[in-house]
Amino acid sequence: MLSVLDLFRVGIGPSSSHTVGPIRIANRFSAALADRDVLGLVERIEVELQGSLALTGAGHATPKAVVLGLLRMEPETLDPDKADAMVADVYTAKDLQLADGRVIPFDPETDIVFAYHVLPDLHPNGMKLSAFDANGDALVEETYYSVGGGFIATAKQLSTPPEDDIVKTGSDVPYPFGSAAELLGICADKGRAIHDVILTNEDAMRPRAETEAALDRIAEVMLSCIERGLAHEGILPGGLKVRRRAPEIWAKLQASPQSNEREQIFDWLNAYAMAVNEENAGGGQVVTAPTNGAAGIIPSVIKHYCADAEDRTVRLRKFLLTAGGVGLLYKQRASISGAEMGCQGEVGVACSMAAAGLAAVWGGTPQQCANAAEIGMEHNLGLTCDPVGGLVQIPCIERNAIGAVKAVNAARLALHSLEQTKVSLDQVIETMRQTGIDMSSKYKETSQGGLAVNVIEC
């Protein structure tokens with residue numbers, strides 16, 4: 001069974017599927033050259049970006065990600081500032097140092113190919129990597145897919161059918177579940193909260209102290225990202241000339257922190273969410289939650305409702321475990337990839353996760369937490385992914401602010417009743433999946449429809 005720590009990963013912006021995933025893919029390919037004992041024969045490497053990686057890769061910094069991966073960088077540990085300098089050196093020198101120390105010619109402008117005409121069948125985010133010897137013969141050729149949230153898969157993994165139409169979750173945890181109904185059944189049978197069940201499952205994967213330390217680090221990276229975003233002013237890269245607005249909103253809040261205006265809560269949530277997504281758009285360090293494009297929603301909610309509480313650590317862990325449990329359901333039963341589901345699979349899922357997490361922090365029952373998650377998604381169904389200019393800026397930054405407010409409202413609505421909502425969480429997840437399948441590819445991270453074609457880029 002997947003871990004919640006697989007969902008919450010530290011990486012860099014602007015995209016988990018177009019930046020974090022390609023870093024991992026290129027890194028894995030680099031390692032494969034050594035594993036197959038052909039590294040010493042490699043004289044040229046070519047990377048072909050397919051589908052959405054080609055159509056919006058330039059705006060999502062995918063070429064930069066490819067270079068970082070070939071340089072054997074890991075998204076969790078690389079320094080964003082140093083990474084920019086390393087990539088600039090490769091672009092200038094037009095060469096690449098391999099793991100054995102040899103330097104081969106590599107021009108990102110020509111050796112990274114945007115194959116706009118290739119639309120992969122297995123997943124929209126395809127990436128083919130090839131290594132050649134001095135004679136031009138292929139030594140290794142592999143195709144990988146960036147499947148959302150920083151997760152990657154081979155063609156074999158994606159083409160292997162499940163045993164049946166119900167998601168299999170594995171048996172190496174005490175409480176395996178493949179649906180919300182099963183999870184709620186476990187909670188009812190054992191008399192335990194969702195976060196307790198999830199944490200017990202995590203115990204089967206590593207010592208509890210390691211899990212708690214990882215959750216604490218995830219929370220701190222999220223909160224640190226907010227702080228950086230509130231302090232950084234200026235224009236975001238990419239050509240749209242989008243101005244960072246979170247610092248301005250923050251300054252106004254600081255000037256009147258005790259305002260009696262009820263709607264001011266929106267401004268706090270807006271500032272926090274936008275701070276994260278402006279950092280993400282600038283290539284800063286963020287946590288996939290569950291993706292980079294939706295990275296601001298959960299941090300915004302935990303900042304406002306958990307970070308300054310006396311029981312801060314307890315709240316943060318409870319929130320992340322509950323939200324992560326809900327996220328696992330979406331990952332296992334549908335998808336968190338904008339290229340597959342549209343933005344309902346990113347912002348919609350993040351809103352659903354945050355709503356469940358907040359309901360848990362507010363003392364909600366497992367059923368109320370599931371209700372909150374259902375409400376959070378139900379009112380994001382059909383949300384398209386149509387980034388202007390292929391950049392994770394318009395409408396992505398404001399969309400996270402709206403998603404954070406919506407998550408809080410979903411949690412509040414859920415706590416007003418004890419019974420299950422008329423639409424179950426499993427039903428809304430399946431509806432999202434079906435909606436994503438039916439949605440035109442124009443609205444699934446290709447920048448070929450919606451705002452992307454109706455808004456002048458510059």
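Two remarks on conventions come first. The model is predicted, so local features require pLDDT of at least 70 and side-chain atom pairs pLDDT 80 or more, while totals for chains, interfaces and linings use all residues. Residues are numbered from 1 along each chain as its sequence is written, and side-chain values use heavy atoms, with hydrogens and water left out.

Domain 1 gives 15 residues to the contact and domain 2 gives 18, where contact means heavy atoms within 4.5 Å.

Together the domains bury about 1200 Å², 57% of it on carbon and sulfur atoms; buried area is the accessible area (1.4 Å probe) that two parts lose on being put together, summed over both.

What of salt bridges across this interface? The rule finds 0, a salt bridge being a side-chain nitrogen of Lys or Arg within 4 Å of a carboxyl oxygen of Asp or Glu.

I turn now to serine 352. Leaving aside neighbours within four places in sequence, serine 352 is in contact with residues including Val326, Glu374, Met377 and Leu425. The side chain of serine 352 also reaches the backbone oxygen of alanine 373 at 2.6 Å.

Methods: A polar contact is a pair of N or O atoms within 3.5 Å; within protein, one must be able to donate a hydrogen and the other to accept it, and residues adjacent in sequence count only if both atoms are side-chain atoms.
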